[in-house]
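I opened the model today and kept notes as I went. The entries follow the order in which I looked things up.

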Amino acid sequence: MNVSSTGLHDRATDAALHESQVPGVLETGTLLFSSAPKLIYIDARAGELCARINLTLTGCATNVLPLPVTRLCADIAAAMTTKLRRSDYSPFELRRFSDGKDSSVLLRGYGLPYPAGSQEGRILVLLEDLGWRKELPLKEACRRFHFTEREAEVVRNLAKGYTNKQIGSELDATEQTIKEVIKRIMQKTRTATRTGILIAVLDL
């Protein structure tokens, strides 16, 4: 992974970078991009997690940026363009899980637009290793969101990266039934995506 050096003293960037050092944020890797986006900085932990994502997706732990990271950066860069047009320079966040069956890496992407007249903003990506979480806190989630036993089992299988068809096979239910259960879970967690469900359950 090629890294270029630059002076980075922007307050918004410094504040966002500090999150990766906050006690309790475990196993976090940090990458910083220009809004082009072009990689500016990557730490050793981020390199390890990128290699793990690549291994999961391609079977080879290559030292290139994995597709989920580049997609996230592209989405943030596109959103930053829109926000700059609207004169909205506040930082914003997008969250994704790494692709593949092993979705144990959470990607937090931060768009840090610069004020008007500046050439470009910054994109901060934090990779959090969720592997240390032995299991989803389903008991607590059931209490908070009033999940039924069936809904809890669907969430458990969502965390494994299973498709609706695979979940149906596991729970002896049709794919359509699983879709309906997921809709109810989204309503209870006030989310709109499968990733959003897991983020809500993990209370991230």
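**Entry 1: the whole chain**

What does the accessible surface of the protein chain come to, and what percentage of it belongs to carbon and sulfur atoms? I read off about 11200 Å², with 50% belonging to carbon and sulfur atoms. Accessible areas here come from the Shrake-Rupley method with a 1.4 Å probe, and for residues only the protein chains shown count as cover.

I noted the ground rules next. This is a predicted model, so local features need pLDDT of at least 70 and side-chain atom pairs count only at pLDDT 80 or more, while totals for chains, interfaces and linings use all residues. Residues are numbered from 1 along each chain as its sequence is written, and side-chain values use heavy atoms, with hydrogens and water left out.

I then looked up the secondary structure. The protein chain has eight helices and five strands. Helices (H or I, at least four residues) and strands (E, at least two) are DSSP runs, numbered from the N terminus. Along the sequence the pattern reads α-β-β-α-α-β-β-β-α-α-α-α-α.

Of the 204 residues, 41% are buried. Buried means under 20% relative accessible area, exposed over 50%, and partly exposed in between (1.4 Å probe, protein chains only). I also checked contacts, meaning heavy atoms within 4.5 Å. Among those between residues at least 6 apart in sequence, 57% join residues at least 24 apart.

**Entry 2: the strands**

I looked for cis peptide bonds. One joins A36 and P37, with omega at about -5 degrees. P37 sits in the loop between β1 (28-34) and β2 (39-42).

Next I went to E128, in strand β5 (residues 122-129). Is E128 buried or exposed? Its relative accessible area is 5%, so E128 is buried. The side chain of E128 makes a polar contact with the side chain of R108, at 3.3 Å. A polar contact is a pair of N or O atoms within 3.5 Å; within protein, one must be able to donate a hydrogen and the other to accept it, and residues adjacent in sequence count only if both atoms are side-chain atoms.

**Entry 3: α5 and its cover**

I checked α5 against α7. Two packed helices are described by the angle between their axes and the distance between the axes. Axes are lines fitted to C-alpha atoms, for helices over the stretch in contact, and angles run from 0 to 180 degrees between N-to-C directions. α5 and α7 pack at about 95 degrees, with axes 10 Å apart. That makes α5 roughly perpendicular to α7. Angles under 35 degrees count as roughly parallel, over 145 as roughly antiparallel, 65 to 115 as roughly perpendicular and the rest as oblique.

From α5, the residues R150, E151, V154, V155 and L158 meet T177, I178, V181, I182, R184, I185 and K188 in α7. By class, this contact has seven nonpolar, one polar and four charged residues. Ala, Val, Leu, Ile, Met, Phe, Trp, Tyr, Cys and Pro count as nonpolar, Asp, Glu, Lys and Arg as charged, and the others, Gly among them, as polar.

**Entry 4: α6 against α7**

I repeated the check for α6 (residues 164-171) and α7 (residues 175-189). Their angle is about 105 degrees, and their axes lie 8 Å apart. That makes α6 roughly perpendicular to α7. N164, K165, I167, G168 and L171 in α6 meet E175, I178, K179 and I182 in α7. This contact has four nonpolar, two polar and three charged residues.

**Entry 5: loops and positive phi**

H146 is not a glycine, yet has a positive phi of about 60 degrees. At 61% relative accessibility, H146 is exposed.

G161 lies in the loop between α5 and α6. At 33% relative accessibility, G161 is partly exposed. The C-alpha atoms of G161 and S104 are separated by 9.6 Å, though 57 residues apart along the chain.

D172 is in the loop between α6 and α7. Phi of D172, also not a glycine, is positive, near 55 degrees. D172 is exposed, at 72% relative accessible area.

I finished at T191, in the loop between α7 and α8. The side chain of T191 makes a polar contact with that of T189, at 2.8 Å. Leaving aside neighbours within four places in sequence, T191 is in contact with M186, G196, I197 and A200.
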